[in-house]
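Welcome! Have the sequence and the 3D view ready, and let us walk through a few features together.

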Amino acid sequence: MKLQAAVAGEKHEIEITRDGDRLFARVDDRNYELEASEPEPNVYLLKHEGKIFEVFVSPRKNANEPYNVRVGSAEIEITIADPKRLRGTAALADDASGKVEIKTAMPGKVVRILKAAGEPVEKGEGVMVVEAMKMQNEMKSPKDGIVTDIRVNEGDTVGAGDVLVVIE
């Protein structure tokens, strides 16, 4: 998964891949091999070269807000954008016209489909649940519209960036 992050006005290229229990992260030209776990919601433990880092990510109220991240005593504001999308996440969330494709951020398994093709959906309403890294993530609609296409079935395995649902 390739992402772009902005921290204190500086932009960084990030690439994350997973191989079993190992997580590989490349931030600009630096490479990291980590073990990662989420012992409770919004709290992550990252183990790197024998050191364990506790990371707390504050929940966002809306997609326009940056993430507030605390590592030890350091607090960082981070804005994340997926370059696979034509626009940043903030612009996408506010777009009220056209079609929107809901994609997976990482490989996983479709656990539940909450809406059927042809059903109306409101912005922020759950459309599907995908399990990734032993966590269930509800995929939510970024706009009001109609579910026009569901491209997966319950139980399907999906890859990072796969289109799950189309909303118009």
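In this briefing, contact means heavy atoms within 4.5 Å. This is a predicted model, in which local features need pLDDT of at least 70 and side-chain atom pairs count only at pLDDT 80 or more, while totals for chains, interfaces and linings use all residues. Residues are numbered from 1 along each chain as its sequence is written, and side-chain values use heavy atoms, with hydrogens and water left out.

**A loop residue, T104**

- Look for T104 in the loop that runs between strand 9 (100–103) and strand 10 (108–113); strands (E, at least two residues) are DSSP runs, numbered from the N terminus.
- T104 counts as buried because its relative accessibility is 6%; buried means under 20% relative accessible area, exposed over 50%, and partly exposed in between (1.4 Å probe, protein chains only).
- Leaving aside neighbours within four places in sequence, T104 is in contact with M139, V158, G159, A160, G161, D162 and L164.
- With G159 there is a further detail: the T104 side chain reaches the backbone oxygen of G159 at 2.5 Å.

**Nonpolar cores**

- A nonpolar core is a set of buried Ala, Val, Leu, Ile, Met, Phe, Trp, Tyr and Cys residues joined through side-chain atoms within 4.5 Å.
- The largest one has 13 residues, and M128, L164, V165 and I167 touch the most other members.
- Strand 12 (126–132) and strand 16 (163–167) are the elements that give two or more residues to this core.
- Apart from it lies another core of 8 residues, including L3, A5, I14 and V55.
- Beyond four places in sequence, the contacts of L164 include T104, M128, V130, D149 and R151.

**Salt bridges**

- The structure holds 4 salt bridges, each being a side-chain nitrogen of Lys or Arg within 4 Å of a carboxyl oxygen of Asp or Glu.
- One of them joins E125 and K115, whose closest N and O atoms are 2.9 Å apart.
- This pair links distant parts of the chain, 10 residues apart: E125 sits in the loop between strand 11 (120–121) and strand 12, and K115 in the loop between strand 10 and strand 11.
- E125 is partly exposed at 27% relative accessibility, whereas K115 is buried at 13%.
- D149 and R151 also form a salt bridge, with their closest N and O atoms 2.9 Å apart; D149 is partly exposed at 28%, and R151 is partly exposed at 43%.
- Another salt bridge brings together the side chains of K140 and E138 (3.9 Å, N to O).

How values were computed
Helix = DSSP H or I, 4+ residues; strand = E, 2+ residues; numbered from the N terminus. Polar contact = N/O pair within 3.5 Å; in protein donor to acceptor, adjacent residues only side chain to side chain.
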